[in-house]
Amino acid sequence: MADRTLVVWDDALAAHDFGPGHPMAPLRLELTARLARELGLLEAPGVRVTGARVAPDELITTVHDPRYVAAVRRVSADPRLVDFAHGLGTDDDPVFAGMHETSARVVAATVDCVDAVWSGEAEHAVNVSGGMHHAMPDRASGFCIYNDVAVGINRLLERGARRVAYVDLDVHHGDGVEAAFWDDPRVMTVSLHESGRTLFPGTGWPEETGGPGAEGSAVNVALPAGTADAGWLRAVHAVVHPLVRAFRPDVLVTQHGADAHAQDPLANLAVSVDAQRAAARSLHDLAHEVCGGRWVATGGGGYDVVDVVPRVWAHLLGIAAHAPVPPATPVPPGWRDFVTAQGWDAPEAMTDGAQAWFSPWEAGADPSDPLDRAVLATRRAVFPNHGLDPWFD
């Protein structure tokens, strides 16, 4: 194997700029890349960093309607235009010059990741700019223009993958990826998110389990608002791990939106950097256990752009590089100096000081507990489709 880990990064990926005041600030990507470099992660042994091309329309339209791609091209060329029928020009998805090229570059970055992993050129691959999981075949949604994850998974199927597992840790339901593969039993989509009762997009219920012939291929855990580390990690391990083991995918694709964090301004969970690091490490280990280490990881949401996102994704990069950053590691002074020079407060360490502890499901479930009820609802809806017992497996 030529490379242990491929990282696709290009400063051009940070051109995805919806404008001043929009939550998805490109700064979060810039600071992540800078922090990863300061920590030495992009120069770690076995890591190869490559730039990102602009995906051709023929690749994007394996998932997206050609008429939608044409609409994105039109508004991208003339940002004075809007196209509300395609979700372009809304508050969530304002139009900007070069929108098509930048979004297409994100798609190509994820496809390059899956190609490298499937061909054996790399064991793991990471695109922190990816994870645009809300984009639908015919419209933009939730800050997402093109669904790079869906295009990447489709590429794996085209290249011969028999089964692909997708795990989405973003605080918002991964509705676009789920919709793309709703009727396809070859793809299992697992989304752990804040309940749609309190958060966009208002979907992702336990009973949403896949279309005819693909029952049990869509998995949704709708977490109660306020869920913190212990409950979040308990849910990850109680749902993701047994299902992925039973499904036995050829490749594991994961989305690591950092917006489940307690400081995120757009959501209501209370998860720490430490818990998100622990979840990423457990998914890395699961990929080695189940599918020969073939693991593709992307970023996603995350709107505390200075304190949270760079640390979460730097940890992800370190894990993928087999150079995990110990939580107590001080944040490099060069990165802190850059951040403070811009007038922002900089975190001092790569940890929130949390234990990232949880009680495993095997220790017993409490049906009176809101978190356990949410987990049990998902296990009851899906586990029997995979020959698993909702209470004990």
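Modeller: Partly exposed means a relative accessible area between the buried limit, under 20%, and the exposed limit, over 50%. Keep that in mind, as this is a predicted model.

Biologist: Why is D57 called partly exposed?

Modeller: D57 has 24% relative accessibility. Buried needs under 20% and exposed needs over 50%. The value for D57 falls in between, so D57 counts as partly exposed.

Biologist: What makes D57 and R73 a salt bridge?

Modeller: Their side chains meet at 3.1 Å, N to O. The cut-off is within 4 Å, so the pair qualifies. R73 lies in helix α3 (residues 66–77) and D57 in helix α2, so the bridge ties together parts that are 16 residues apart in sequence.

Biologist: How do you know that R73 is partly exposed?

Modeller: R73 has a relative accessible area of 39%.

Biologist: Why is the pair R53 and D112 called a salt bridge?

Modeller: The side chains of R53 and D112 meet at 3.1 Å, N to O. A salt bridge needs a distance within 4 Å, so this pair passes. R53 is in the loop between β2 (47–50) and α2 (57–60), while D112 is in helix α4, so the bridge joins parts 59 residues apart in sequence. R53 is partly exposed, at 35% relative accessibility.

Biologist: How many salt bridges does the structure hold?

Modeller: It holds 15. D115, R155 and R159 are linked in a network of them.

Biologist: What makes D307 and R311 a salt bridge?

Modeller: Their closest N and O atoms are 3.5 Å apart. The limit is 4 Å, so the pair counts. Both D307 and R311 are buried.

Biologist: R311 belongs to α9. What makes α9 mostly covered?

Modeller: In α9, 12 of its 12 residues are buried. Among them are W313, H315 and G318. The cover includes β1 (3–8), α1 (27–38) and α10 (333–341).

Biologist: How do you know that the reach of α9 is close to the expected one?

Modeller: Helix α9 (residues 309–320) has 12 residues and reaches 16 Å from its first C-alpha to its last. The expected reach is also 16 Å, at 1.5 Å a residue. H322 follows α9, with a positive phi near 55°.

Biologist: Which residues touch the most other members of the largest nonpolar core?

Modeller: That core has 133 residues, and L88, I145, Y146, I153, W232, V240 and V253 touch the most other members. Helix α4 (residues 99–119) gives the most to this core, with 11 residues. Beyond its neighbours within four places in sequence, I145 is in contact with residues including F18, Y68, L88 and A135.

Technical notes. Residues are numbered from 1 along each chain as its sequence is written. This is a predicted model: local features need pLDDT of at least 70, side-chain atom pairs count only at pLDDT 80 or more; totals for chains, interfaces and linings use all residues. Side-chain values use heavy atoms; hydrogens and water are left out. A nonpolar core is a set of buried Ala, Val, Leu, Ile, Met, Phe, Trp, Tyr and Cys residues joined through side-chain atoms within 4.5 Å. Buried means under 20% relative accessible area, exposed over 50%, partly exposed in between (1.4 Å probe, protein chains only). Helices (H or I, at least four residues) and strands (E, at least two) are DSSP runs, numbered from the N terminus. Contact means heavy atoms within 4.5 Å. The expected span of a helix is 1.5 Å times one less than its number of residues.
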